[in-house]
Amino acid sequence: MSDAAPLTHPVLVATIPDAGTTVKLAPDEATRAALAKDFGIVGIPRLTATVTLIPQRGGVRVEGHLDAVVRQNCVVTLEDFDAPVSEDIEMSFVPADKLPEVRPGQEVEVSEQDMPDPIVDGVIDVGAVVAEFLALGLDPYPRKPGVAFETPAEPGPEEISPFAALARLKKTEGSGDI
């Protein structure tokens, strides 16, 4: 895996107008293939996203939506299949110096809203945000539609016994004594 993220679209925070700005992403086939490789899935036949960045209280609110079709391997049949992914995007970014300091061993209060992410070098990478939400939308145990996993029947106690195996051998040999 390379150090460069496959999907990038940096937005310089200083250039975002007060009313906000909207970014539409539709990565090409090579980018989708690199993303699929990073995610450990077969492919991403389609990916589109619309993301709006809105300045607010010293930071930036990022909202949007992504729609994708991902090709995954069924955990039951081991066949490839396509599945839709649709995710709402909601994040906040603030300059790193505005993030609350967290020390090791310190209790951190977790509220309904997540802690904001840092703005790195004055830039928010909208592509990385879309990739992150796509990864979160992937089914970790994908199953082809209509396929159910059936657990094998438990063997009875007589089938588990080593003596049951000997009895089966005795029957197949046809001899009266072992």
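Contact means that heavy atoms lie within 4.5 Å of each other, and several of the exercises below use that rule. The model is a predicted one, where local features need pLDDT of at least 70, side-chain atom pairs count only at pLDDT 80 or more, and totals for chains, interfaces and linings use all residues. Residues are numbered from 1 along each chain as its sequence is written, and side-chain values use heavy atoms, with hydrogens and water left out.

**Exercise 1. Get your bearings: how many helices and strands are there in the protein, and in what order do the elements run?**

Step 1. Take helices (H or I, at least four residues) and strands (E, at least two) as DSSP runs, numbered from the N terminus. The protein has four helices and seven strands.

Step 2. Read from the N terminus on: the order is β-β-α-β-β-β-β-β-α-α-α.

Step 3. Look at the contacts with a separation of 6 or more: 64% of them are between residues 24 or more positions apart.

**Exercise 2. Find which residues of helix α1 are buried and which are exposed.**

Step 1. Set the cut-offs: buried means under 20% relative accessible area, exposed over 50%, and partly exposed in between (1.4 Å probe, protein chains only). Of the 178 residues of the protein, 27% count as buried.

Step 2. Go along α1, residues 29-39: T31, R32, L35 and A36 are buried. These four sit on the same side of α1, because they cover an arc of only 140 degrees around the axis (the arc is that of the directions from the helix axis to the C-beta atoms).

Step 3. Recall a general rule: an α-helix has 3.6 residues a turn, so residues three or four places apart point the same way.

Step 4. Turn to the other side of α1, where E29, A30 and K37 are exposed.

Step 5. Ask what covers the buried residues: the cover includes β3 (43-56) and α2 (126-137).

**Exercise 3. Describe the surroundings of R61, then say which residues are closest to the centre of the largest pocket.**

Step 1. R61 belongs to strand β4 (residues 59-73) and is buried, with a relative accessible area of 15%.

Step 2. Its side chain makes a polar contact with that of E63 at 3.5 Å and another with that of E90 at 3.2 Å. Here a polar contact is a pair of N or O atoms within 3.5 Å; within protein, one must be able to donate a hydrogen and the other to accept it, and residues adjacent in sequence count only if both atoms are side-chain atoms.

Step 3. The residues that R61 touches include T52, L53, M91 and S92.

Step 4. Now for the strand β5 (80-95): five residues, the largest share of the lining of the largest pocket, come from β5. Pocket has a grid meaning: on a 1 Å grid over the protein atoms alone, a pocket is an open set of points where a 1.4 Å probe fits, with protein on both sides within 12 Å along at least five of seven lines, and lining residues have an atom within 4 Å of a point.

Step 5. Of the 17 lining residues, the closest to the centre are R61, M91, S92, D114 and P116.
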